[in-house]
Amino acid sequence: MNIMAAQSPENKFPSMAVLLVLGKYNQLAALEYWLAHHLALGLSVFIAFSQEEECKEFLTWQSLLELLSKREKITLLGVFETSLPAEETFLRTAEEQNFSFTLRLALDEFFVPNLLDKKEEINEAKPYPFIKIPYRHCGLLGHSPQKILKEGLHPRHFYTKMTDGEFVADTEGRSLFVLSNQPCADSLQKAGILHDAAASSLTFEARHFFNQGSQKIPSFAIPARCNEITAYFWQDVLRHFLITRKSLPDWLRFPRLALSWHFLALENKKVLAVNHKNKELCAISAHGEENYSRLILAKEMTESQSKEGWLCLLDPAPFPFLPLKKCHSRTIALSVQIEEIATDLTAKIKILPTEQTLTLDEEKHFTLLDFSKNLLPYELAMLERLLSKGKAEGDKKNLLDGFPAPPVTALWALMTRPEFFHAKTNCPVFSLLTALLDPLMLSAPSTQELCL
């Protein structure tokens with residue numbers, strides 16, 4: 001595996017490695033966001049496991065990361081008794097592989113280049129010169145990252161303010177080691193670490209400070225490829241499950257549903273679509289246009305005014321998910337609630353689980369134009385097919401018989417139905433990682449299988 005980072009507009013330091021040491025108290029649900037953030041910057045990620053306290057999930061973590069490393073620059077260093085030998089191994093490995101910079105982070109710390117105005121000088125220490133990368137704490141009053149994670153959203157979407165360097169805890173930080181004579185970019189010397197501090201802040205004063213903040217977090221704190229990487233992560237996990245198990249999860253049961261398919265039209269007869277360049281909603285001809293993907297609505301066929309459904313991308317797109325602000329899907333389908341107005345064949349669409357209303361230029365009612373299900377692409381046709389079969393409790397039939405390729409979009413769409421997403425117990429969407437990647441299925445699919 002080539003672990004040297006590829007060049008990209010966001011990657012100003014192509015030979016920087018980051019170490020993450022995982023232990024008992026880390027949360028698996030947060031891992032995808034941490035990985036996506038740093039991989040999107042073009043960094044190479046090294047993972048070590050600490051045995052300072054017993055962690056029963058090591059096998060699950062390892063199998064997950066081995067799977068994800070087939071697509072991204074992730075390297076597993078192994079299991080260590082404490083974090084100190086893990087750091088020593090990391091530094092030695094980084095030197096051997098000619099990395100210029102190294103940095104250790106925790107799972108609630110996000111490295112951001114050019115975050116600060118002040119330029120940190122290089123400390124010419126032995127055996128390695130280093131740059132101090134200071135913390136900037138952030139968080140939401142009474143709103144923990146765990147609650148945000150359950151909604152399937154990146155915490156960075158919610159954290160808009162950070163501390164300004166005057167707060168006492170801002171004196172802390174991490175050391176970015178310089179391993180070569182390569183000139184150090186200003187982006188590194190002005191870097192900072194956004195720390196999700198609110199969840200662990202016990203005093204009202206600290207929570208209030210984190211909530212108010214004093215500096216706005218720059219918009220580039222979330223690298224552009226984050227959503228794309230998390231979408232691919234989930235698709236790889238689901239594809240791996242479907243290839244190795246060849247069946248749906250036992251807990252995923254659903255009644256038979258008949259669907260109708262529709263364009264969402266405006267008064268000018270144009271239909272909703274997504275612009276490939278800026279990933280924004282827009283309106284185009286119902287016949288389609290180059291560099292745009294039309295949206296299509298799958299609607300439950302019942303007499304009820306409130307209906308279940310899915311909002312989907314109909315046309316091929318250069319991104320693997322449905323890009324809606326503060327609510328991105330991990331595939332091209334997203335669960336929605338449909339409020340239908342029977343008198344004029346219009347509908348109001350509410351995105352789940354955030355319950356935000358779908359709008360374009362303040363318009364929130366769309367005319368439903370029929371679309372023939374015979375023209376559906378494979379991913380959406382498989383959703384139609386699975387729902388037409390249904391899966392009742394105790395049903396032993398294999399619904400995937402006869403499928404020529406893993407129906408990843410269909411499985412994700414089923415898992416994000418309201419009864420699963422709003423479960424009072426652990427949300428199956430996130431517990432899926434543990435349920436699917438148990439020690440009984442550690443064999444990873446080939447790169448060819450992942451690219452089906």
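Guide: Let's settle burial before anything else: buried means under 20% relative accessible area, exposed over 50%, and partly exposed in between, using a 1.4 Å probe and protein chains only. This is a predicted model, where local features need pLDDT of at least 70, side-chain atom pairs count only at pLDDT 80 or more, and totals for chains, interfaces and linings use all residues. Residues are numbered from 1 along each chain as its sequence is written, and side-chain values use heavy atoms, leaving out hydrogens and water.

Five of its five residues are buried, so S12 is largely enclosed by the rest of the structure. Val271, Ala273 and Asn275 point one way, Leu272 and Val274 the other.

Ala273 has Cys282 as its bridge partner in S13 and stands opposite Arg294 in S14. In the five-residue hairpin link between S12 and S13, Lys279 takes a positive phi near 60°.

As for charged pairs, a salt bridge is a Lys or Arg side-chain nitrogen within 4 Å of an Asp or Glu carboxyl oxygen; there are 11. Glu340 and Lys307 form one, with N and O 2.7 Å apart. Glu340 sits in S16 (333-341) and Lys307 in S15 (306-313), so the pair ties together parts 33 residues apart in sequence. Glu340 is buried at 16%, as is Lys307 at 6%.

Technical notes: Helices (H or I, at least four residues) and strands (E, at least two) are DSSP runs, numbered from the N terminus. Two strands pair if DSSP finds at least two bridges between them.
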